[in-house]
Amino acid sequence: MGLIRALGNFTRRLGLWFLAAGITLAVLFTAVLIYKLTVFEPDPPTVANCQSIQLITTAGNAAEIHVHQCQRGTNKSAWKGYEVWLFEPSTNDWLRIATAEQGDCLSVSWQRPGELVIHHGHSRGDLNIAKNSVIYRDANTMPNTISVTTQREDDCPL
């Protein structure tokens, strides 16, 4: 009888441990999902308080690279800075490439086809690259890749 009782207690403890682990994983999953849906990817610049300051296009105008100066958040927790976005007109899809705090300057140019250079006057920690390469579809719906590099400048070219 003692063996059965000990086995029953062990099973109960193991079940409670699995229940606690399951609840913990469910809470973590929910938190990550909420973070991804609300914070991880901000609204596109067209629905935020942003002003376009530069636009360059890919060959064949299949995609556009936009540089915006944005203010996000309320007065106490407002963030001001630059945002670099890829826009695909065929799918009306926006993809954030980089963000930087308000600083001296930020501009973009093509190093060569498929290589985007972000010229900036920020310190290394103030420029956040969300994607170091992006994929877009051309007019023939073939995938193309843009690699993203950065270059610190004293005077940014426009």
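Biologist: Why does T99 count as buried?

Modeller: T99 counts as buried because its relative accessibility is 11%. Buried means under 20% relative accessible area, exposed is over 50%, and partly exposed lies in between, using a 1.4 Å probe and protein chains only. Keep in mind that this is a predicted model, where local features need pLDDT of at least 70, side-chain atom pairs count only at pLDDT 80 or more, and totals for chains, interfaces and linings use all residues. Residues are numbered from 1 along each chain as its sequence is written, and side-chain values use heavy atoms, with hydrogens and water left out.

Biologist: OK, and which residues does T99 touch?

Modeller: Leaving out residues up to four places away in sequence, T99 touches W79, Y82, E83, D126, L127 and N128. Touching here is a contact, with heavy atoms within 4.5 Å.

Biologist: Where is T99 found?

Modeller: T99 is in strand β4, residues 93-101. Strands (E, at least two residues) and helices (H or I, at least four) are DSSP runs, numbered from the N terminus.

Biologist: Which sheet has β4 in it?

Modeller: β4 belongs to an open sheet of 5 strands in the order β1-β2-β3-β4-β7, with antiparallel pairing. Two strands pair if DSSP finds at least two bridges between them. The edge strands are β1 (49-57) and β7 (127-129), and each of these pairs on one side only. From one strand to the next, the twist averages 25°. That angle is taken between axes fitted to C-alpha atoms (for helices, over the stretch in contact), on a scale from 0 to 180 degrees between N-to-C directions.

Biologist: How many bridges join β4 to β7?

Modeller: There are 3 bridges, and the two strands run antiparallel. A100 has L127 in β7 as its bridge partner.

Biologist: What actually holds strands together in a sheet?

Modeller: Strands of a sheet pair through backbone hydrogen bonds, either parallel or antiparallel.

Biologist: Switching topic: what order do the strands have in the open sheet of 4?

Modeller: The order there is β5-β6-β9-β8, and the pairing is mixed. Its edge strands, β5 (106-112) and β8 (133-137), each pair on one side only. The twist averages 30° from one strand to the next.

Biologist: Mixed how? Do β5 and β6 run parallel or antiparallel?

Modeller: β5 and β6 run antiparallel, joined by 6 bridges. They make a hairpin with 2 residues between them, and G114 in the turn has a positive phi of about 85°. R112 has E115 in β6 as its bridge partner. By contrast, β6 (residues 115-120) and β9 (residues 143-152) run parallel, with 6 bridges joining them. Here V117 stands opposite T149 in β9, and I118 stands opposite T150.

Biologist: How many of the residues of β6 are buried?

Modeller: 6 of its 6 residues are buried. Both faces are covered: E115, V117 and H119 are on one side, with L116, I118 and H120 on the other. In a regular strand the side chains alternate between the two faces of the sheet.

Biologist: What does L116 touch?

Modeller: Not counting residues up to four places away in sequence, L116 touches several residues, including I56, I65, I97, V108 and W110. L116 is also one of the residues with the most contacts inside the largest nonpolar core, which has 20 residues. A nonpolar core is a set of buried Ala, Val, Leu, Ile, Met, Phe, Trp, Tyr and Cys residues joined through side-chain atoms within 4.5 Å.

Biologist: Which elements give two or more residues to this core?

Modeller: Those are β2 (64-72), β3 (79-88), β4, β5, β6, β8 and β9.

Biologist: Zooming out, how many helices and strands does the protein have?

Modeller: The protein has 1 helix and 9 strands. Along the sequence, the pattern is α-β-β-β-β-β-β-β-β-β.

Biologist: And how much of the protein counts as buried?

Modeller: Of its 158 residues, 30% count as buried. The C-alpha atoms fill a box of roughly 85 × 45 × 30 Å along the principal axes.
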